[in-house]
Amino acid sequence: VLGLLPQPGVVLNDPYGVVRSRAVESADRAVRYSMNVTDRQNTAAGRSVSRFGGAGVHHIAFRVGDVLTTAKALRARGASMLAIPDNYYDDLQARFGLDAAMLDELRRNHVLYDRNADGEFLHCYTQPFEDRFFFEFIERRGGYTQYGAANAPVRLAALAQQREQGH
């Protein structure tokens, strides 16, 4: 009905179980929507369905021109950003060999990073509101068209850690 085209599915590893994700996109990629399913109640997707009476939107992503500048501006305005563990950035260094200044900038601003042959993907998240909804801010460089699925387990673990700490 909407003319959205299904994309290949991916498996995401939530600390509490497997989540299957599949995106649909408009031909010009101006509209992109990911759908997640799981049979585990304690995953982020499972909790959304069981605790809040059915499926719904758990986050909205905004494309920005410079995610590092956006993250700094959000924090300056008092936004609570999802804390990404330091060891994630150690792994980034090992995987991509980023220069120290770039790596430090990503770490300080809790920005995640992915890269493939087509380009780069930088993104960050707010902390969830009422343990159910958050915003994502993304920057695509070059021809990167994916969703940063390599970072999903890090995001899901950070969300689980935050929830366990009662934030």
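## A run of antiparallel strands

Strands β2 and β3 make a hairpin with 2 residues between them. Strands here, like helices, are DSSP runs numbered from the N terminus, with at least two residues (E) for a strand and at least four (H or I) for a helix. This is a predicted model, so local features need pLDDT of at least 70 and side-chain atom pairs count only at pLDDT 80 or more, while totals for chains, interfaces and linings use all residues. Residues are numbered from 1 along each chain as its sequence is written, and side-chain values use heavy atoms, with hydrogens and water left out.

Two strands pair if DSSP finds at least two bridges between them. One place to look is Val10, which stands opposite Ser21 in β3. Strand β1 (residues 5-6) also runs antiparallel to β3 (residues 17-25), joined by 2 bridges. In that pairing, Pro6 stands opposite Val24 of β3.

β3 has another antiparallel partner in β4 (residues 32-37), with 6 bridges between them. Val24 turns up again here, standing opposite Tyr33 in β4. β3 and β4 form a hairpin too, with 6 residues between them, and Arg29 in the turn has a positive phi of about 65°. As background for reading these strands, side chains in a regular strand alternate between the two faces of the sheet.

## Rings that meet

Searching the whole structure turns up 7 aromatic pairs. The rings in question are those of Phe, Tyr and Trp (its six-membered ring), and they pair if their centres lie within 6.5 Å; planes under 30 degrees apart count as stacked, over 60 as edge-to-face and the rest as tilted. Take Phe96 and Tyr113: their ring centres are 5.3 Å apart and their planes sit at 75°, so this pair is edge-to-face. Phe96 belongs to helix α3 (residues 86-96) and Tyr113 to strand β6 (residues 112-116), so the pair ties together parts 17 residues apart in sequence. Phe96 counts as buried at 15% relative accessibility, and Tyr113 is buried as well, at 0%. For these labels, buried means under 20% relative accessible area, exposed over 50%, and partly exposed in between (1.4 Å probe, protein chains only).

Phe129 and Phe135 form an edge-to-face pair as well, at 5.9 Å centre to centre with 75° between the planes. Phe129 is partly exposed, at 43% relative accessibility, and Phe135 is partly exposed at 25%. Elsewhere, the charged end of Arg140 sits over the ring of Tyr147, 5.8 Å from its centre. The test for that is NZ of Lys or CZ of Arg within 6 Å of the ring centre and within 35 degrees of the ring normal.

## Salt bridges

There are 9 salt bridges in the structure, each being a side-chain nitrogen of Lys or Arg within 4 Å of a carboxyl oxygen of Asp or Glu. Glu120 forms one with Arg141, the closest N and O atoms being 3.6 Å apart. Glu120 is in strand β7 (residues 119-125) and Arg141 in strand β8 (residues 134-142), so this pair ties together parts 21 residues apart in sequence. Arg141 also forms a salt bridge with Glu139, with closest N and O atoms 2.8 Å apart. Arg141 is partly exposed at 26% relative accessibility, whereas Glu139 is buried at 7%.

Salt bridges with shared partners also join Lys72, Asp104, Glu105 and Arg108 into one network. Within it, the side chains of Glu105 and Arg108 meet at 2.3 Å, N to O. Both residues lie in helix α4 (residues 100-108), 3 residues apart, or about one turn of the helix. Glu105 is buried, with a relative accessible area of 15%, while Arg108 is partly exposed at 44%.

## The two sides of α4

Which residues of α4 are buried? They are Met102, Leu103, Glu105 and Leu106. These cover an arc of only 160° around the axis, which puts them on the same side of α4; the arc is that of the directions from the helix axis to the C-beta atoms. Over on the other side of α4, Ala100 and Ala101 are exposed.

What covers the buried residues of α4 includes α2 (67-76), α3, β6, β7 and β8, where contact means heavy atoms within 4.5 Å.
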